[in-house]
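Please examine the sequence and the model shown below. The paragraphs after them lead from the contact between chains to individual elements and residues.

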Amino acid sequence: MRLLLLLPTATYRAAAFVEAARRLGVDLTVASEQPSAFQDANPAGLVTLDLSHPDHAARQAHAFARAQRAQQLHGVVGVDDDTAVAAAAIAAELGLLGNPVAAARAARGKHEQRTILAAAGVPVPRFTLHRLDEDPHLIAARAPFPCVVKPLRLSASRGVIRADTPAQFVRAFERLRRILSEPEAAACGEPARHALVEEYVSGSEYALEGLLVAGELRVLALFDKPDPLEGPYFEETIYVTPSRLAGSAQAQIAACAQRAATALGLTEGPVHAELRYNERGPWLIELAARPIGGRCSSALRFEPGSVSLEELVLRHALQMELPSLERERRAAGVMMIPVSRAGMLREVRGVEAARVVPLVEGVEITAYPGQVLVPWPEGSRYPGFIFARGDTVEGVETALRAAHRHLEFVVDAD
Amino acid sequence: MSPADVRITAEPIDNGRCKFVVSEPLHSGGVRRFASAAEAQGSPLAEAIFAIPDAGIAEVIVSGNLVTVVKSGTAAWPVVGKAVGQAIRAALAGGQPAVAPKPAAAGNASDDDTLYERVADLFEHDVNPMVARHGGRVELIDVQDAVVMVRMAGGCQGCGMADVTLRQGIEAMLQQHVPEVKGVVDITDHTAGSNPYFAAAKK
């Protein structure tokens with residue numbers, strides 16, 4: 001069996017998916033938006049696709065499939081927001097399992113997603129769409145405070161800013177304007193000329209990891225986010241699972257995510273949903289047609305025998321038999337290490353001490369010496385990840401925090 | 001230096017593989033790969049690692065200050081890693097070399113030597129000119145029992161697409177040009193890469 005894996009070159013996900021394919025004995029064709037150095041040497045295994053333009057990518061994939069008839073493709077998987085849309089377009093073009101293209105596009109665009117979900121009665125924050133060239137003072141006069149200013153396309157909460165007053169709103173709006181004027185952000189075109197303004201929803205935040213099979217949401221894990229995400233910026237930190245939320249509330253969250261997926265028209269493959277839960281119940285903040293980002297999937301293992309999330313995703317795309325989808329019994333967690341200070345990274349101290357904290361399974365420093373660390377809201381790259389596993393979620397959370405306290409990022413300030 | 005002064009950093013690659021970077025050199029005679037407890041006889045470090053109970057140790061590769069351990073058991077790396085750390089410290093504290101020199105006529109040495117030459121030729125004329133386009137370099141460290149050991153440098157070291165380069169590029173070329181090769185092992189310390197060609201960002 002051969003799978004077309006859409007891997008943007010800036011992904012953290014390459015190792016996990018390549019390893020999952022190896023474990024399953026699946027041949028890979030890896031598609032990226034920039035050519036591999038080995039593309040000419042392995043034309044069946046490497047291909048360049050225009051991943052940011054799904055229709056073009058689908059035509060390119062069609063041409064590739066015709067040229068490589070001897071290496072038939074049996075499935076396609078995207079690993080992030082952009083490639084999820086490209087995967088849907090390619091699946092439609094090649095007759096492979098996937099989401100409808102319109103559904104994948106709707107999930108990709110924050111405004112389109114909210115519009116569809118609100119119309120379907122899924123609880124989402126009240127929102128308005130604005131052009132970046134509008135006068136923020138006029139928008140502030142009508143904004144619901146506290147509110148959140150968001151870009152339509154950026155990932156990892158980049159550019160997301162809370163404002164409690166009109167003056168804060170104007171500053172937040174102008175700051176987002178600057179972020180979206182940066183070349184790599186502006187490259188997404190029209191979405192980079194707009195901002196979403198939505199009411200701030202109080203409450204605890206949760207992340208649901210799921211797999212859609214013929215439209216039915218199978219919940220793989222529900223993560224608590226124990227650090228309050230109250231702004232003004234929304235850099236993630238700790239995820240722990242299983243959730244400590246009451247079973248009835250967890251069921252409400254799962255039902256909310258299912259309603260959102262159905263409303264968007266998503267039917268197949270991984271979903272990652274961010275929700276808030278307060279006295280009024282669950283609120284869908286975002287639902288993406290992709291698995292959890294960064295290195296966070298390493299926190300998840302499934303029965304039997306430590307099956308990875310990536311193996312489940314590949315099995316599903318290839319229509320192979322799925323194992324139980326039951327997460328292991330132990331508690332698990334990951335900390336996306338926050339950027340504490342802007343500047344050029346010189347070294348990271350305390351890694352060895354962090355690694356030997358009881359229950360800590362790994363400390364992965366992904367930033368390299370010389371890399372410029374950029375705090376949120378301008379930044380979107382975590383300098384590393386800490387993983388822990390144990391009998392209780394409290395123990396896991398404590399271990400993550402203890403390990404983090406050992407780490408010191410030595411930075412040459414700007 | 002006392003065992004307590006030895007610093008060991010564990011870098012799990014996945015559930016089955018983990019690299020241990022040691023502050024002291026363990027073996028200066030190139031790379032040694034042990035695929036069974038029997039092969040490890042005479043090398044105290046490898047013997048001790050294979051003897052870790054319930055870990056299902058399948059392979060131990062020692063190169064300079066780097067130990068790569070492959071296991072098939074489900075025990076977590078923090079558990080197995082502590083035992084590996086103890087084995088490393090004990091080996092360094094012992095009176096004899098942690099790893100014995102590679103036997104001159106061991107196993108399929110002559111076959112490996114032939115393979116080494118063919119792989120080296122492929123690396124020199126094909127692989128390295130290709131990765132050089134991305135500022136990278138792939139060093140052939142050794143061939144043992146038809147398994148090729150490589151170390152990546154330059155733009156490849158720490159690159160977000162290093163696994164793709166290894167599996168879809170280097171391994172595919174080896175399958176095509178030197179089909180006798182049974183596998184490729186990357187012994188690179190990717191965390192030390194300071195100029196990766198593709199750097200990752202959370203998506």
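This is a predicted model: local features need pLDDT of at least 70, side-chain atom pairs count only at pLDDT 80 or more; totals for chains, interfaces and linings use all residues.

Residues are numbered from 1 along each chain as its sequence is written, chains are lettered from A and ligands numbered from 1 in the order in which they are written, and side-chain values use heavy atoms, with hydrogens and water left out.

Between the chains, 45 residues of chain A are in contact (heavy atoms within 4.5 Å) with 38 residues of chain B. About 3,700 Å² is buried between chain A and chain B, and carbon and sulfur atoms give 59% of this area. Buried area is the accessible area (1.4 Å probe) that two parts lose on being put together, summed over both. On the side of chain A, the residues that lose the most area to chain B are Ala37(A), Phe38(A) and Arg355(A), together 17% of what that side buries.

Two packed helices are described by the angle between their axes and the distance between the axes. Helix H1 (residues 14-24) and helix H10 (residues 309-317) of chain A pack at about 65°, with axes 8 Å apart; axes are lines fitted to C-alpha atoms, for helices over the stretch in contact, and angles run from 0 to 180 degrees between N-to-C directions. Residues making this contact include Phe17(A) and Leu24(A) of H1(A) and Val313(A) and Leu314(A) of H10(A).

Helix H4 (residues 101-108) of chain A has as its buried residues Ala103(A), Ala104(A), Ala106(A), Ala107(A) and Arg108(A). Buried means under 20% relative accessible area, exposed over 50%, and partly exposed in between (1.4 Å probe, protein chains only). Among the elements covering these residues are helix H3 (81-94) and strand S13 (281-288) of chain A.

In chain B, Ile61(B) is found in strand S4 (residues 57-64). Ile61(B) counts as buried because its relative accessibility is 1%. Its contacts beyond four places in sequence include Val31(B), Met149(B) and Ile187(B).

Asp112(B) lies in helix H4 (residues 109-132) of chain B and is also buried, with a relative accessible area of 5%. A polar atom of the Asp112(B) side chain lies 2.7 Å from the backbone nitrogen of Asp145(B).

Note on methods. Helices (H or I, at least four residues) and strands (E, at least two) are DSSP runs, numbered from the N terminus. A polar contact is a pair of N or O atoms within 3.5 Å; within protein, one must be able to donate a hydrogen and the other to accept it, and residues adjacent in sequence count only if both atoms are side-chain atoms.
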